[in-house]
Each structure stands twice: as C-alpha cells, then as structure tokens.
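Student: Hey, can we go through this protein model together? I'd like to know what sits where.

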Amino acid sequence: MSLSSSVPARTLTTIAGAEVRIPDPDRLVHLQFRRFAGCPVCSLHLRSFVLRRDEIAAAGIHEVVVFHSSAAELRAQSAAVPLDLIADPGRALYREFGVESGYRALLDPRAWPAIVRGVARELGAIRRHEKPPPPSSPEGGRLGLPADFLIAPDGAVLAAKRGAHADDQWSVDELLTHAAHPTRLSR
C-alpha cells in the first residue's frame, strides 16, 4: 500500500463484535498496526491515544487498531482499551498493507527506552492484578513492526508510516498534524 494508493471498501469486525467500515464515509480513519496482544510497547503507545481519544475524535479521526493476535487473546489482554481493536492472527491485513516483521523490531537501540518503560508499567499492572501477564509465546511472534495509515473517506491513503523498530510509530501530535494539514502529509 503506497501513499498514492486507495484502500478498497471493507467491513472489519472488532473483538467486541462491532462492525467498522474502512474507509469510513464520514471521517478519517487512523489504521494502526501494532504487534501482539500484551505487547508492552504497544500498551504504552495505545495508552497515549486513549488518554487523548476525545481530542482525536474532535479532529474527525476514527481509531482502528490491528494486532496479529486472535480475538480471544486480544480480549484477555486489552479488555480495558476503549478503541476499535481488530484481530488479524493470519496477518492478512499486514500483508495487504505491507507491514513487516524483523529482528530490528527489538534490536534497534531506539526501541529500548520504550521497551523498558512498557515492561515496567505492565509489571505493575500485573502485580496489581489489573491485567494478566502477556503470553510467553505470542501469536505471530514478538518481531512485528508497527505501521500507521491515515485514510480519507474516499479511501485515499493520505499519509503512511511503516516503523523501523518496535517504538517507531506516530504520536498523537503527529497524527493530528497529518489530519490538519493534508497537503503536507508525508511518509
């Protein structure tokens, strides 16, 4: 999927059983590709989006987050995440959008601070019995790379980013900037 691409219309089913249309005819879609259910870096990242979800919605953006885990595993790990979560254990969407896996996901030193922060935060939540420990052998492995796509109501991909390591994804501020300035969007 390239910046000049258009996303064909489809309906995805969230882990809660709701249907999500992509593209959304009424608003932008931020299609996030994360790693596995229970990924500490992904949990840390998504927390920033949850904390600012009203601001994101006010900008006309619908958050849709894809994981390469089963719906059951995602429900067990992410029950408290109030976003539309999509299970893609077969990685069909990952292949379609060109989202990769690789050792650089964890070996790149730029990811290490987020890995440490994420693991520390998750350990605290596990000790407080707020969530179960992540799977020891996550579905799809640990080497997934993140990716972000901003999709217009007509299906045009307005901006895209494929991460170089586990913590290489758009921040909320970057997403809001892309949405506010569509003529200056870049990879």
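Predicted model: local features only at pLDDT ≥ 70, side-chain atom pairs only at ≥ 80, totals over all residues.

Student: Okay, where is arginine 91 in the chain?

Tutor: Arginine 91 is in the loop between β5 and α4. Its phi is positive, about 60 degrees, although arginine 91 is not a glycine.

Student: And what does the charged end of arginine 91 sit over?

Tutor: The ring of tyrosine 94: the charged end is 5.5 Å from the centre of that ring.

Student: Are phenylalanine 33 and phenylalanine 97 buried or exposed?

Tutor: Both are buried. They also belong to one aromatic cluster, formed by Phe33, Tyr94, Phe97 and Phe149.

Student: Let's switch to strands. What's up with β4?

Tutor: Seven of the seven residues of β4 (residues 61-67) are buried, so the strand is largely enclosed by the rest of the structure.

Student: Which way do the residues of β4 point?

Tutor: Ile61, Glu63, Val65 and Phe67 point one way, and His62, Val64 and Val66 point the other way. As a general rule, side chains in a regular strand alternate between the two faces of the sheet.

Student: What does β4 pair with?

Tutor: β4 pairs with β3 in the parallel sense, over six bridges, and histidine 30 stands opposite glutamate 63 there. Four bridges join β4 to strand β5 (residues 84-87), and those two run parallel as well. In that pairing, valine 64 stands opposite aspartate 84.

Student: And β6, is that one buried or exposed?

Tutor: Five of the five residues of β6 (residues 147-151) are buried, so β6 is largely enclosed by the rest of the structure too. Ala147, Phe149 and Ile151 point one way, with Asp148 and Leu150 pointing the other way.

Student: In what sense does β6 pair with β3?

Tutor: Antiparallel, over five bridges. Valine 29 stands opposite isoleucine 151 in β6.

Student: What about β6 and β7?

Tutor: β6 and β7 (residues 157-162) pair in the antiparallel sense over five bridges, and aspartate 148 has lysine 161 in β7 as its bridge partner. The two strands form a hairpin with five residues between them, and glycine 155 in the turn has a positive phi of about 95 degrees.

Student: New topic: which residues have the most contacts inside the largest nonpolar core?

Tutor: Ile61, Phe67, Leu83, Leu85, Leu150 and Leu175, in a core of 25 residues. The elements giving two or more residues to this core are α1, β4 and α7 (172-180), and α1 gives the most, with five.

Student: What does leucine 83 touch?

Tutor: Not counting residues up to four places away in sequence, leucine 83 touches Leu46, Phe49, Val50, Glu63 and Val65. There's also a second, separate core of 19 residues, which includes Val29, Leu93, Ala147 and Val157.

Student: Now a helix. Which residues of α3 are buried?

Tutor: In α3 (residues 71-78), Leu74, Gln77 and Ser78 are buried. Seen down the helix axis, the buried residues fall within an arc of 75 degrees, so they line one face of α3. What covers them includes β4 and β5.

Student: Last one: where's the cis peptide bond?

Tutor: A cis peptide bond joins isoleucine 22 and proline 23, with omega at about -5 degrees. Proline 23 lies in the loop between β2 (19-22) and β3.

Definitions and conventions: Residues numbered from 1 in each chain as written. Heavy atoms only, no water. Buried < 20%, exposed > 50% of the residue type's maximum accessible area, 1.4 Å probe, protein only. Phe/Tyr/Trp six-rings, centres within 6.5 Å; stacked < 30°, edge-to-face > 60°. Lys NZ or Arg CZ within 6 Å of the ring centre and 35° of its normal. Pairing = 2+ DSSP bridges. Core = buried A, V, L, I, M, F, W, Y, C linked by side-chain atoms within 4.5 Å. Contact = heavy atoms within 4.5 Å. Arc of directions from axis to C-beta.
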